[in-house]
Amino acid sequence: MDRLDNTIRPYAWGSPTAIPHLLGVEPTGEPQAEMWLGAHPGAPSRTGRGTLVEVIEAAPERELGEKAVAKFGPRLPFLLKLLAAGAPLSLQVHPDLTQAKEGYADEERRGIPIDAPHRNYKDANHKPELICALTEFDGLCGFRPPARAADLLDALGVDSLKPYVDLLHAQPEEAALREVLTAILTADPDEMAHTVAAATAACDRLGGDHAPYAGLAHHYPGDPGVIAAMLLNHVRLQPGEALFLGAGIPHAYLSGLGVEIMANSDNVLRCGLTPKHVDVPELLRVVRFESGDPGVLRPEAAPDGEEVYETPIDEFRLSRHVLPEGAAAHDLTLTTPQILLCTAGTVRAGEHTLTPGRSVFVPAGEKAEVSGTGTVFRATVIA
């Protein structure tokens, strides 16, 4: 197995302290938002044999296994991350596989450069994802029932929001959510800025269920995404709890440290809370306008001590092993590729000693035994 040297991305919303604290190093003072573990070409992990992209390209069946290559092609189909939100991320959705293929082909056909700021599709893949909290973790996930969203907006007492309240009460669910989100994102920017300012003052005054949106508004003053966010469920994860985010589900992470895993894609359509491009027509094509419970996941224990976060996705499978002091070694050998990430304690993985934030890549079929005292997350595929 290969020890991984991973890139930390300094996005502006990142916490300057959470990842350094986990790694046991001094903060630089700069935001450290995400540590990428995997073979994404944007920031592949490095090994003693070259980047993980180079290692896999040199011998895909040896590294990934015959079944994984047959099912997903000669590439690692997932990207694992440590994510540390010190400020809210953009409100966003991800396309399903068909939408991603169509959108990517269309933008390629139109000759839009891959790095153009108005480009939506960086690749032709979908991006389902799972976030598992390491600390208390706040986020927004999926639409509230329209009546509940209407009550939240109505309580603000802002006259310019009353048309949205009326629409949410008057229309069937899908039409109500679609019409209100469309109206918010296409409103006159100056008028919306005034609405957001009034809503922010009301959220500050009311607190309670409105408090998370006050925080958003102070980070993104005047942004229509503040109002759009009030259509969504607020959820607070405790350590060990997780959220699965499928295609078309609007969401945003607000604060906290977590382990995130996703299909190996960078396709994001933004709804707000960002200075970046918002393509409203394409966004409306992708969003699923249905309400529902956020669906907090807790790991399901297997007889061998593995705790699995079950999802309907084959490109990734996330689980963890919590190793108590004096426990016997756990054999994690699989016929699929794995990344093992330590998040607590000190764990021995093969010949490597892993402390928090350290990780290894385990080729398919390679002997993988872990021991020690701590917590190890395991990322693999279902093939």
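In this predicted model, Thr200, Cys203 and Asp204 of helix α9 meet Tyr213, Ala214, Ala217 and His218 of helix α10. By class, the residues of this contact divide into 4 nonpolar, 2 polar and 1 charged. Helix α9 spans residues 189-206 and helix α10 spans residues 211-219; their axes come within 8 Å and cross at roughly 140°. Angles over 145 degrees would count as roughly antiparallel, and α9 and α10 are therefore classed as oblique to each other. The crossing of α9 past α10 is left-handed.

A second pair of helices may be described in the same terms. Two packed helices are described by the angle between their axes and the distance between the axes. For helix α7 (residues 162-170) and helix α8 (residues 173-186), the axes come within 8 Å and the crossing angle is roughly 165°. Because the limit for a roughly antiparallel arrangement is an angle over 145 degrees, α7 and α8 are roughly antiparallel to each other. Here the crossing is right-handed. The contact is formed by Tyr164, Leu167 and Leu168 in α7, which meet Ala176, Leu177, Glu179, Val180, Ala183 and Ile184 in α8. The residues of this contact comprise 8 nonpolar, no polar and 1 charged.

Attention may now turn to the aromatic rings, of which the structure holds 3 pairs. In one of them, tyrosine 11 and tryptophan 13 have ring centres 5.8 Å apart and planes at 35°, so this pair is tilted. Tyrosine 11 has a relative accessibility of 29% and therefore counts as partly exposed, whereas tryptophan 13, at 16%, counts as buried. Another pair, phenylalanine 143 with phenylalanine 289, is stacked, with 5.7 Å from centre to centre and 20° between the planes. This pair links distant parts of the chain, since its members are 146 residues apart. Phenylalanine 143 belongs to strand β9 (residues 137-143), and phenylalanine 289 to the loop between α12 (280-286) and β14 (300-301). Both phenylalanine 143 and phenylalanine 289 are buried.

Helix α12 also contains glutamate 282. With a relative accessibility of 16%, glutamate 282 counts as buried, because the class covers values under 20%. Leaving aside residues up to four places away in sequence, glutamate 282 touches Asn120, Tyr121 and Leu269. Glutamate 136 lies 146 residues from glutamate 282 along the chain, and the C-alpha atoms of the two are separated by 33 Å.

Leucine 273 is located in the loop between β13 (269-272) and α12. The relative accessible area of leucine 273 is 1%, so this residue is buried. Not counting residues up to four places away in sequence, leucine 273 touches Leu89, Ser90, Leu91, Leu216, Tyr220, Asp223, Gly225 and Val226. One of these, Leu216, falls within the residue range 211-219 of helix α10. As for alanine 193, its C-alpha atom is separated by 13 Å from that of leucine 273, and the two residues are 80 residues apart along the chain.

Key. Residues are numbered from 1 along each chain as its sequence is written. This is a predicted model: local features need pLDDT of at least 70, side-chain atom pairs count only at pLDDT 80 or more; totals for chains, interfaces and linings use all residues. Side-chain values use heavy atoms; hydrogens and water are left out. Axes are lines fitted to C-alpha atoms, for helices over the stretch in contact, and angles run from 0 to 180 degrees between N-to-C directions. Helices (H or I, at least four residues) and strands (E, at least two) are DSSP runs, numbered from the N terminus. Angles under 35 degrees count as roughly parallel, over 145 as roughly antiparallel, 65 to 115 as roughly perpendicular and the rest as oblique. A crossing is left-handed if the near helix is turned anticlockwise from the far one by less than a right angle, and right-handed if clockwise. Contact means heavy atoms within 4.5 Å. Ala, Val, Leu, Ile, Met, Phe, Trp, Tyr, Cys and Pro count as nonpolar, Asp, Glu, Lys and Arg as charged, and the others, Gly among them, as polar. Rings of Phe, Tyr and Trp (its six-membered ring) pair if their centres lie within 6.5 Å; planes under 30 degrees apart count as stacked, over 60 as edge-to-face and the rest as tilted. Buried means under 20% relative accessible area, exposed over 50%, partly exposed in between (1.4 Å probe, protein chains only).
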